Amino acid sequence: MTTETFAPGDASDARAGNQARPMDLLRFATAGSVDDGKSTLIGRLLYDTKSLFTDQLAAVEAVSAARGDEYTDLSLLTDGLRAEREQGITIDVAYRYFATPRRKFIIADTPGHIQYTRNMVTGASTADLALILVDARKGLVEQSRRHAFLCSLLRVPHLVLCVNKMDLVDFSQEVFERIADEFTAFAAKLDVPDLTVVPISALKGDNIVTRSENMPWYEGPALLHHLERVHIASDRNLVDVRFPVQYVIRPQSTVVTDYRGYAGQVASGVLKPGDEVMVLPSGFTSRIRAVETADGPVAAAFPPMSVTVRLEDEIDISRGDMICRPNNAPAVAQDIEAMVCWMDETRPLQIGGKYAIKHTTRAARAIVRSLHYRLDINSLHRDESAAELRLNEIGRVRLRTTVPLLADEYRRNRTTGGFVIIDETTNRTVGAGMIVEAA
Amino acid sequence: MTVTPAYQVTHLDELEAESIFVMREVVAELERPVLLFSGGKDSIVMLRLAQKAFAPAQIPFPVMHVDTGHNFPEVLDYRDRRVAELGLHLVVASVPEALASGLVRESADGMRNRIQTPVLLDAVEKHRFDALFGGARRDEEKARAKERMFSFRDEFGQWDPKNQRPELWSLYNGRHHPGESIRVFPLSNWTELDVWHYIARERIELPSIYYAHEREVLERDGMLYAVNEFLPARAGEERFKARVRYRTVGDASCTAAVRSDADTVEKVIGEVAATRITERGATRGDDRVSEAAMEDRKREGYF
């Protein structure tokens with residue numbers, strides 16, 4: 001791409017100071033490779049929302065020119081590490097930020113080739129939306145299916161397929177619809193709650209900020225319009241009250257006496273003063289006396305608020321306990337069925353292996369009782385003869401933990417259904433788990 | 001907190017909630033945290049978040065200032081006042097003392113940015129700190145864009161960017177062996193504009209040099225530097241008065257000012273929103289050394 005084609009977009013006042021309406025936050029993950037035009041798309045979004053700074057652009061242009069690139073390689077914007085620039089590859093998830101008057105956006109930009117599973121799973125774990133790119137000339141490739149599968153495994157609520165480089169297929173409706181139909185059919189086999197397909201040209205700016213005049217047959221929104229308006233508020237679980245106790249606040253002070261508050265971030269549900277609650281694993285019940293922040297009491301707490309909950313009764317509660325409702329509680333379980341993605345290059349997950357687990361604010365040790373199968377994420381074939389999971393492999397395992405986890409199914413609750421596996425010798429995070437069943 | 005009836009929060013509330021969560025995780029899981037407090041706006045915001053995370057209790061950890069000896073007096077005054085108000089314990093890791101004791105040597109260009117690192121690591125070892133809160137943000141610089149919230153450092157304080165722990169959901173891994181430590185960046189997901197909006201919303205006081213004022217400056221490498229004892233004018237450099245403010249506050253010998261009329265927080269927000277140059281690009285001589293200047297310093301243990 002030449003920089004001349006990179007004309008300023010018209011998402012004007014994108015970084016304006018005073019917002020007329022409150023902005024919310026959308027986290028999205030991008031998947032694809034440089035060849036699909038992912039970096040160009042990100043560059044385009046940053047540029048058109050005035051989030052790309054002139055010194056950043058100048059630095060990238062200088063490096064690109066020194067390397068003899070024919071065009072300014074915008075992947076240099078996100079490839080921040082020396083090794084990445086030297087080898088022309090993206091090693092790790094990079095986080096980028098931009099805002100429009102409606103929303104602030106956090107992009108988890110995940111590399112397409114190297115370590116794609118580990119990075120994609122990491123980026124998708126916190127994403128409200130995932131954006132998958134395909135080249136209109138090539139159509140769906142193995143990698144597109146892999147990315148869609150990982151998004152569904154991680155329960156990313158919204159998926160957007162961008163059919164890019166439409167300018168190179170003469171903005172053909174037929175090409176677009178063939179790709180869209182094929183992807184929609186594939187997604188139907190997965191757990192994809194919401195799918196939007198947008199024909200774009202990241203390089204030329206078609207359907208990025210405004211609807212393209214080159215594709216009058218396309219009736220949907222421009223990409224940025226969709227990102228700004230996709231309804232994410234209902235993605236949160238406001239039904240199941242889950243408050244993992246993170247820290248007990250007990251001031252050692254002569255001014256504040258007899259204060260005991262349970263600090264944490266609401267995982268799901270709504271907590272209000274007066275509500276009857278149950279504390280796990282003890283099973284004791286009480287009522288909420290107050291929900292507080294440093295700015296004073298609040299009428300209700302809900303995700304993602306960090307608050308301090310005070311109860312009517314003195315109960316022994318510590319970090320790792322969970323406040324829930326008597327008639328709506330997570331499983332108190334030591335036998336955990338989970339999908340696990342292995343992330344360690346040195347040692348594979350093995351049957352009989354013992355690991356540390358971090359689940360909500362709770363720590364446990366676990367032994368791998370069995371590995372039911374390893375999943376081929378290209379064919380979705382289950383290999384039941386597998387004896388171990390290597391780096392970037394995904395499988396269904398059964399774990400037995402030393403202490404009960406207070407767990408929900410991941411498909412119902414991404415916070416109380418996800419856990420990480422830590423190697424007790426190296427202390428490295430070696431796996432990510434999504435609970436299928438807890439008993 | 002601005003709560004709408006639909007149980008929604010603003011992006012600032014969400015960032016605040018995330019930062020508070022991160023700070024509480026550290027205090028719950030690590031033994032000897034410390035907050036790096038430079039008197040700069042990011043560390044001031046961090047301190048506010050720490051107050052909120054543990055209220056009504058006191059902030060349960062000390063703060064540390066890596067003092068290069070090249071300070072803006074307004075910033076030192078602010079530091080001491082804030083620490084006293086909050087009843088905090090202040091640890092000063094002093095570069096001048098380290099120079100006197102021979103721990104470090106002055107670099108040829110007189111800049112003390114790089115020699116801060118051994119001084120910081122020495123203080124960490126002496127006080128056996130195992131978690132260091134830093135105010136770095138991922139939007140500042142591209143090596144920082146790949147930084148974790150919980151960033152592992154080996155016993156030499158080194159960062160290995162190719163070998164970072166995957167960080168999923170909000171499950172942070174703070175496990176480490178004795179002598180190793182974790183750098184924690186609660187403001188990772190904040191941008192410069194978010195920080196300023198938060199300063200406005202929370203009515204946080206900042207050192208006066210963040211707002212437009214008249215100052216004697218000189219121009220060097222296209223940037224405006226305050227004339228002071230640490231930065232004498234070189235031959236051919238002209239001193240002149242200009243109305244400026246600082247976008248970042250670091251060592252007084254390598255932090256530049258920008259021309260500005262923004263003398264209130266609202267005006268600064270307007271200016272930040274309109275600017276097309278990153279704050280480090282505009283004001284930090286130390287980042288101009290090479291394309292990977294920040295990464296190289298971070299590998300050695302810089303914050």
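Which residues does B:Ile20 touch, not counting residues up to four places away in sequence? The views below, taken from a predicted model, begin with this residue.

**View 1. B:Ile20 and the residues it touches.** B:Ile20 is found in helix H1 of chain B. Leaving aside residues up to four places away in sequence, B:Ile20 touches B:Leu49, B:Lys52 and B:Ala53, and A:Ser306 from chain A. B:Ile20 counts as buried because 25 other C-beta atoms lie within 10 Å, where 20 or more are required. B:Pro178 lies 158 residues from B:Ile20 along the chain, and the C-alpha atoms of the two are separated by 26 Å.

**View 2. The contact between chain A and chain B.** Chain B gives 55 residues to this contact, and chain A gives 62 residues. On the side of chain B that touches chain A, the elements that give two or more residues are helix H1 (11-29), helix H2 (41-54) and helix H7 (265-274) of chain B. H1(B) provides nine residues, the largest share of that side. Sorted by class, the side of chain B that touches chain A holds 26 nonpolar, 15 charged and 14 polar residues.

**View 3. The annotated domain of chain B.** UniProt, in an unreviewed entry, lists residues 33-256 of chain B as "domain: Phosphoadenosine phosphosulphate reductase". Over residues 33-256 of chain B, 25% of the chain is helix and 20% is strand. The end C-alpha atoms of this stretch are 31 Å apart.

**View 4. Helix H1 of chain A.** This helix spans residues 38-48 and is mostly covered, with eleven of its eleven residues buried. The buried residues in H1(A) include the charged residues A:Lys38, A:Arg44 and A:Asp48. Also buried in H1(A) are A:Ser39, A:Thr40, A:Leu41, A:Ile42, A:Gly43, A:Leu45, A:Leu46 and A:Tyr47. A:Lys50 follows H1(A) and has a positive phi, near 60°.

View 5. Chain A has 439 residues, of which 51% count as buried. Among contacts in chain A between residues at least 6 apart in sequence, 70% join residues at least 24 apart.

Definitions and conventions
Residues are numbered from 1 along each chain as its sequence is written. Chains are lettered from A and ligands numbered from 1 in the order in which they are written. This is a predicted model: local features need pLDDT of at least 70, side-chain atom pairs count only at pLDDT 80 or more; totals for chains, interfaces and linings use all residues. Two residues are in contact if their C-beta atoms, placed from the backbone, lie within 7 Å. Helices (H or I, at least four residues) and strands (E, at least two) are DSSP runs, numbered from the N terminus. A residue is buried if 20 or more other C-beta atoms lie within 10 Å of its own, exposed if 12 or fewer, and partly exposed in between; C-beta atoms are placed from the backbone. UniProt positions are given in the numbering used here, feature names are shortened, and annotations may be inferred rather than shown by experiment.
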